[in-house]
Every structure is written in structure tokens, then in C-alpha cells.
Amino acid sequence: MKIGMLTSGGDCPGLNAVMRAFAKYAYSHIGNVKIYGFLDGYTGLIENDYEILEEKDFENLLLAGGTMLGSKRQPFKQMTETDGNNRSKLDKMKETYKKLELDCLVTLGGAGTHKTAALLSSEGCNVIGLPKTIDNDIWGTDVTFGFDTAAEVAAECIDRMHSTAASHGRIMLVEVMGNKVGWLTLYAGLAGGADMILIPEIPYDEDAVVEFLEGRRKAGAKYSIVAIAEGALSREEASLRKKERLALRAARGETTVTQRLARNIEARTGVETRTQVIGYLQRGGSPNPHDRVLCTLMGSYAGELAERGKFGVTVAYTGGRVTYNSLSDIAGKTKSVPSSHQMVRAAKSIGVSFGEPEQKN
Ligand code: F6P
């Protein structure tokens, strides 16, 4: 069986571990396996740039961070745009697939990767997807690989904020990745004992944020920790379209939501307020034990799907077991945090604020 493999989009811990599990399964259960590793995601497939991988190339990968194939973003909306020769990236990918006579293409990636995977599948390629992302926003799976490790790193960063914030009596805003969803911030914020958690799905009210932080100080708290998602929005911003929101931020000279809110909190409370952006620390390094197990489950399961000739699907983990969804069912959908999610309710029940005005009876 001739199998193409690629990793696309932002990297995360566990990509190598998934490829290792897939390959180990394939070499021991599927006959005559030849694996083509496309370099830098879909770019390799578009440009027919690949390496033939051998069994030994998949050794010592369980703990290895990053991706041995390299990764790049290839925006979905550009996939069907044609060049001067009237050929699109989609055409080129299909040509590579045909030229190499692939039986199957395994794509490890996030939401954007899945949209392209679904497109390739609808155009006749045999695709098996694998849900990668620290954002945990892929529809149809309870969890994506890489998320747990990133949540652990982010939680540890928040842990470390407590002592320094306490020493200086400060308010600390810790910015967590997650793109347009708040899963990572919610998990890390709860695990790190944040006093306030701000996520895109629950737009915050600045007056309520200030009131809550002042209330804590009056009640004797020496410091406060705010876990804030990079995609967090104020209520004012939430009512705007993306373009209008960006224009408003630019007009006000604001770089990030975290900086703006920190500046406003300090001005309004008079309490020294600092920011910490965790950034790419959340994506780098080795997958944690939970992710290593998940990667092994998902990667070997993808191997099983290839063996069974089950294509046009992506691997998922739901209700404690590995399964699959049809690519066409999940592509283009985002799994956001429901505002009534049990974790949100539990956090609120123990006094964590989400920056909403207090409900007065
Ligand atoms: O999708 C993963 C992610 O890390 C997001 O959380 C973040 O918004 C984005 O990628 C950053 O992307 P880049 O690597 O292109 O800076």
C-alpha cells in the first residue's frame, strides 16, 4: 500500500508520536507498505516534495516534539484559486496523488487542514485525517492530541504567577493561546487556580472585570490572577464584525486584548497590573503521558482504518473511545466552549468570574 503522510498548520506536541503509531501499525498489519512523507504540510503535496520514509525513520519518536516532516499553513480559501497556467493548488495536489499512485493520504492537522482534507476526499483522494491542535476546537471529538500537554504547560505558567503576584500585590493577566475558542484557557485557568477566566465564548464586560477585582481586594485578597484567551472579546467587540473589530483596535492603537485590558484595569483600580503571554511554550516540546497514550490510540487506529480501506474520515475520541467521523460532516465546523459547559458552571460555583456583570435578583 502506498501511503502519503503530512502534518499541516501550527505544530503541537504529539505529531511525531501519532506518525510513529500509524507507521508501526501499518508496517506490521498492512502488506508492502511504502510511506511518502510530504514536507511542510500541503506545500509538499502541492510541490511534489517528499521523502520516502522507512521503518527505522519512525523509531524514537514517541517523545519528540514538533514534526519530523515540517509544517506550514496553506489557507483553505487559496486552494481553488488558479495561477497563470490555470492550475490551482488543489489540481497540483491531485496530480501528485495520482502521479505517485497513492492508495491513501494521512493528514495530521487542525480545523483548516480538515477543510482541505475534506475537499481532497470529495475530489476522489482516499484521505484519513487525524485531529491535531492545542486549541481543541475540532468538531466531533472530545479532545484533540496536543491539547492536554499545552494545558499542562499553561497551567504550570499560571501556577508560577501566584507567588510573584503575591510578592508584589499585583494583578496578573496571563494570556493563553487557543485561537477563537477558550478551551485551553478554561482548562489551564481552572487547573492553575485563576480568579478570573476570560474566553471568547463569554464576552467580558470591562466594568464587571474591574468591579470583581476591586471586590477581591476589598475582601482582603492581596493579588489576583486572570487567565485570558488570546481571542477574548469585550462585549462591545463581540457585537462587531471581525473587520470592524480590527479597525477599532487599530484606531485605538491597541495591539492585543490582554494589553488593553491590563492598561485599563491598572488605570481604573490603581493596582499594578502586569501581563504574561505564554505563547509558543504551549506548542513546543514533548507530549505528556496523556497525549502519548492518545497519540498511540489515534495513530494506530488510523492505521487500522487504512487497512480496512475506510477513507473520507477523521479519527476522533468520544465518550472514552477512539472512533471516526466523516470528513464532510466535521469540516468547517468549530467546537466552541458552550457558555453553560459543566466546567464553566463549576468554576462559577466556586467564585471564579468570567467577567460578566453580577446577576441581581
Ligand atoms: O492553532 C494553534 C495556534 O497555536 C493557535 O492557538 C494560535 O492562535 C495560532 O496557532 C498561532 O499560529 P502561528 O503559529 O501561525 O503564529
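Domain bounds here come from an automatic or database domain assignment. I note at the outset that this is a predicted model.

**Entry 1: domains.** I looked up how the chain is divided. The assignment gives domain 1 (2-146 + 287-330) and domain 2 (150-283 + 338-349). I then checked their contact. Domain 1 puts 11 residues into it, and domain 2 puts in 10 residues. Their C-alpha centres are 34 Å apart.

**Entry 2: where the ligand lies.** Why does the ligand lie between domain 1 and domain 2? I find that both domains give residues to the shell around the ligand, so the ligand lies between them. I also looked at the pockets. The largest pocket is the space that the ligand takes.

**Entry 3: the shell.** I listed the residues that surround the ligand. They are Arg-73, Ile-134, Asp-135, Met-177, Gly-178, Asn-179, Glu-230, Tyr-280 and Arg-283. I sorted this shell by class and got 4 charged, 3 nonpolar and 2 polar residues.

Entry 4: Which atoms of the protein lie 2.5 Å, 2.7 Å and 3.0 Å from an oxygen atom of the ligand? At 2.5 Å I find a polar side-chain atom of Glu-230. At 2.7 Å there is a polar side-chain atom of Asp-135. Gly-178 uses its backbone instead, with an N or O atom 3.0 Å from a ligand oxygen.

**Entry 5: cover.** I looked up how much of the ligand the protein buries. Taken alone, the ligand exposes 400 Å². The protein buries 73% of that area.

Definitions and conventions
Residues are numbered from 1 along each chain as its sequence is written. This is a predicted model: local features need pLDDT of at least 70, side-chain atom pairs count only at pLDDT 80 or more; totals for chains, interfaces and linings use all residues. Side-chain values use heavy atoms; hydrogens and water are left out. A residue is near a molecule or strand if one of its heavy atoms lies within 4 Å of it. A polar contact is a pair of N or O atoms within 3.5 Å; within protein, one must be able to donate a hydrogen and the other to accept it, and residues adjacent in sequence count only if both atoms are side-chain atoms. Accessible areas come from the Shrake-Rupley method with a 1.4 Å probe; for residues, only the protein chains shown count as cover. On a 1 Å grid over the protein atoms alone, a cavity is a set of points where a 1.4 Å probe fits but cannot get out, and a pocket is an open set with protein on both sides within 12 Å along at least five of seven lines; lining residues have an atom within 4 Å of a point. A molecule sits in a cavity or pocket if more than half of its atoms lie within 2 Å of its grid points. Ala, Val, Leu, Ile, Met, Phe, Trp, Tyr, Cys and Pro count as nonpolar, Asp, Glu, Lys and Arg as charged, and the others, Gly among them, as polar. Contact means heavy atoms within 4.5 Å.
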